[in-house]
Amino acid sequence: MQIEGGEESGGAPLVAQSAGPAVSGEQVWRQRADALERRVRELEEALSKATEEARALLEASRESERTSKIELELVRAGAIDPATAAVFVRDTLARQPEGEGRDVAEVIAELRRRAPYMFREVRAEMPTSAAGVVEPPVIEDDGLAERARRTGSGKDVLAYMRARRG
C-alpha cells in the first residue's frame, strides 16, 4: 500500500492508494490525523530548539555588550591592560548581591583605589584656551644671544639668561 502526500500536510501521507482491498474513509482520516500529529510534534520540537537558540544568542549579545562597556570605561579610566582589569571588574560585579546593583563606573573607581598600579597616573591636562599660554619674554638686545653663543663665556651666557627671563 502506498500513501501519497498533499501540499497542506507538508508532504505527510494523506490518501492511501493501493491495488488491494478498499480502504474505508475512517482509516484514511485516521492516517491523516496521525501524520498531522507527527508533523505537529516535529514543528513543536523545532520551535523549542529555535527558542532556546534565540535565548542563548540574546544572552551572548548581552554579555558581549557588558564586556564592551566595561572595557570602554576601563580605557577611559586609563587602565594599562583593559582586558586584565575587565576580569577583576566582572568578578566584582558577579560577586555583588542582586539588590546592590552598583554600576561599572563605581566598580572601576573602587578597583583604581585598590590597585592603582593597573592604571596610568592622572596628569593635569594642558589648558586649551589661550588664557593659559605664557608668551616668552621679548629680549631687547639680540646681541646678547649672539655674544653668548660666540664667546661661550659664563658671564655673557648669564647676561643673556637674565635678559631672557625678564
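## Terms and basis

Axes are lines fitted to C-alpha atoms, for helices over the stretch in contact, and the angles between N-to-C directions run from 0 to 180 degrees. Helices (H or I, at least four residues) and strands (E, at least two) are DSSP runs, numbered from the N terminus.

The model is predicted, so that local features need pLDDT of at least 70 and side-chain atom pairs count only at pLDDT 80 or more, while totals for chains, interfaces and linings use all residues. Residues are numbered from 1 along each chain as its sequence is written, and side-chain values use heavy atoms, with hydrogens and water left out.

## Overall make-up

The protein has five helices and two strands, and their order along the sequence is β-β-α-α-α-α-α. Of its 166 residues, 18% count as buried, a term that means under 20% relative accessible area, with exposed meaning over 50% and partly exposed in between (1.4 Å probe, protein chains only).

The protein exposes about 13200 Å², of which carbon and sulfur atoms supply 53%; such areas come from the Shrake-Rupley method with a 1.4 Å probe.

## Helix 1 against helix 2

Helix 1 (residues 25–77) packs against helix 2 (residues 82–95) at an angle of about 120°, and their axes are 9 Å apart. The two helices are therefore oblique to each other, given that angles under 35 degrees count as roughly parallel, over 145 as roughly antiparallel, 65 to 115 as roughly perpendicular and the rest as oblique.

In contact here (heavy atoms within 4.5 Å) are residues of helix 1 including Glu 63, Ile 70 and Leu 74, which meet residues of helix 2, among them Pro 82, Val 89 and Arg 90. The residues of this contact divide into nine nonpolar, one polar and three charged, where Ala, Val, Leu, Ile, Met, Phe, Trp, Tyr, Cys and Pro count as nonpolar, Asp, Glu, Lys and Arg as charged, and the others, Gly among them, as polar.

## Helix 2 against helix 3

Helix 2 also packs with helix 3 (residues 104–114), the axes coming within 10 Å and crossing at roughly 120°, which makes helix 2 oblique to helix 3. Ala 85, Phe 88, Val 89, Thr 92 and Leu 93 in helix 2 meet Val 104, Val 107, Ile 108, Leu 111 and Arg 114 in helix 3, and by class this contact has eight nonpolar, one polar and one charged residues.

## Ala 159

Ala 159 lies in helix 5 (residues 154–165) and, at 32% relative accessibility, counts as partly exposed. Its C-alpha atom is separated by 8.2 Å from that of Ala 148, eleven residues apart along the chain.
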